[in-house]
Structures are given as structure tokens and as C-alpha cells.
Amino acid sequence: MNGVRVRLLGVRGSMPVHGGSCALFGGETSCVLYQAGDETVILDAGTGLMWEELPQKLSGARFTMLLTHAHVDHIVAFPMFSPLFNPKCECDVYLRTREGRTALEQLETLMAPPLWPVRTNALRACIRFHDVPQTFPVGGIRVESMEVPHPGGSTAYKLSWRGASVVYATDAELDKEDLPAFCRFAQGCDLMLLDAQYTQEEYRTTRGFGHMPIRQAVEVALRCQARQTLLVHHAPAHTDAQLLEWEQELQKHHPDIRFGRAGDEWAWEDPSPQEPTKEEPR
């Protein structure tokens, strides 16, 4: 692949929902598929991870999973993800140590009675669990991480590959004092996926819950000069009709910012793909 492909698999926040009122934006919780070159990266393991085409794409493959944090809506599909039970698959899972618990220990908390009947030792793929360094490579992708304000902590990720950068910053309640550091982290990114769970009215009673109101998220995107921003982590009660109405008003002033939908795809083509290496005659 001579470019970057991003597909939103789940954009709902806090709890999955279903029904006709959320059919357009989707009711699946946080999950994003990122592909660049030969690498496949999955950001978060909410119910969007259960996209029917994903196991086939990863059959016998190596992939990486970057988890922002272990709140249930972001890891709930991990125990049911079939590639993790495939001995032909390899997976590197990154999740920051929190409250003294490593990545593996946090996932074991979910995959244990009485919450779940199948423990992590049932997984058959070659899985390597990692804490999250500040900067690390995934093949040719440069991954940078930054802690963002959220109860219990949350990690924002920036993935850069051959000049294209994607920032994933969900479950982040960025206030004025947080903006300088976050803007340095995300400045000028090509695509930003940014938490915007609440309306301004809702934020009067949800301040401190770890999510931003839409207006505040828009200000963050503008300060970061992101080329395109998709607002994600929609509140469970927000309907398609509401999101479309707010999006229409938003785009009158900011055409490069809109609300993300499950199934949305974003692509960037490498303007100068490397020539394949020619084999010397034997």
C-alpha cells in the first residue's frame, strides 16, 4: 500500500446503542482501523472492533492494537475478537500502566469471573503486551503518545507515515492549561479524531466526566490547525437527527470539521512512492 487508509469502525461514546435513530452515525463504541504500508493498527477495542470484514483482513497477519485506556467501552470487544484466538496471528497490544496494573493485568480484570468466563490464557495468537512509550515505531510508522485529562487517565496517539499524520484523541477533556502542550503534539496534523461528546448545555452537569463539549473541541481543532477533523465519541442519547443538525450549523463556518460516522474512510496517497527494489540478475 502506497498510502494511508483510516476507517472509523465505532464512534459512539460510553455505551453502545442500537435502533433507527442512530443508524447513520452508528451505535458502535470506539474503534478505528489505520493502515499504512504493510502495517495494520487498531485504535481501541470498542464494539466497532466486531466489524464483520476485519477478521478476514487480519487472518494470519501481524497487527498492532493501541488502546487509549481500559474503560469498558474501549475494550469490551477484546475478549470476542477472533484473530486473537488464531495461532497464525501476531499482535502487539499497547496500553499504559494505570493504578499499578500493567496492560495485561488490566485486560485480565475484564477477562475473569464474574465479568467474563474465558480468561486471557485462552487466547492463541502470539500476543505481546506493552506499556506505552512516549515515542515508538510500528514498522515504518512513527507513533507518539501523550497523556490527556480523563478520570483514570487516557492516552492520545499520533501516527505519522511518510509525511502524513493522524491524531486520535478521544476521552480527552482539554482545558485552557492543557492546550499549549496538546497543540504542540497535534499541530498541523492531516486528520484529527477528537472527542466531542457533549453539548454546551449538557456540559453544565458533566464537567469533569472526561469529555469535551462540541464547541470546545472545535476550538481545539482550530488551535491545532488540523487539516480535517472528525468529532467522535458521540453521547449515547444523541440521535442522527441531532448530530446532522449540529453538523450542518458547524460546517457553515468550519467546512473541514464534521461529525464522524461509523464506516467513514479517509485516505492519503504517498506523492512520491518508493520504487521497488530491483533484484540483481543471478
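So, Glu201 and Arg204: both of these are exposed. They form a salt bridge with each other, and the closest N and O atoms are 3.3 Å apart. Both sit in helix H5, residues 200-206, and because they are 3 residues apart there, about one helical turn separates them. Keep in mind that this is a predicted model.

How many salt bridges does a search of the whole structure find? It finds 13.

Let me pick out a couple more. Glu265 pairs with Arg7, with 2.7 Å between the closest N and O atoms. That one links distant parts of the chain: Glu265 is in strand E14, residues 265-269, and Arg7 is in strand E1, residues 3-10, so we're talking 258 residues apart. Glu265 counts as exposed because its relative accessibility is 58%.

Then there's Glu144 with Arg142, a salt bridge at 3.4 Å between the closest N and O atoms. Is Glu144 buried or exposed? At 19% relative accessibility, Glu144 counts as buried, while Arg142, at 45%, counts as partly exposed.

Okay, on to the helices. The axes of H4, residues 179-186, and H6, residues 214-224, come within 9 Å and cross at roughly 55°, so the two helices are oblique to each other. The crossing of H4 past H6 is right-handed. On the H4 side the contact uses Leu179, Phe182, Cys183 and Ala186, and on the H6 side Val220, Arg223 and Cys224. By type, that's 6 nonpolar residues, 1 charged and no polar ones.

Conventions
Residues numbered from 1 in each chain as written. Predicted model: local features only at pLDDT ≥ 70, side-chain atom pairs only at ≥ 80, totals over all residues. Heavy atoms only, no water. Axes fitted to C-alpha atoms, helices over the stretch in contact; angles between N-to-C directions. Helix = DSSP H or I, 4+ residues; strand = E, 2+ residues; numbered from the N terminus. Parallel < 35°, antiparallel > 145°, perpendicular 65-115°, else oblique. Left-handed = near helix turned anticlockwise from the far one by under 90°. Contact = heavy atoms within 4.5 Å. Nonpolar A, V, L, I, M, F, W, Y, C, P; charged D, E, K, R; others polar. Salt bridge = Lys/Arg side-chain N within 4 Å of Asp/Glu carboxyl O. Buried < 20%, exposed > 50% of the residue type's maximum accessible area, 1.4 Å probe, protein only.
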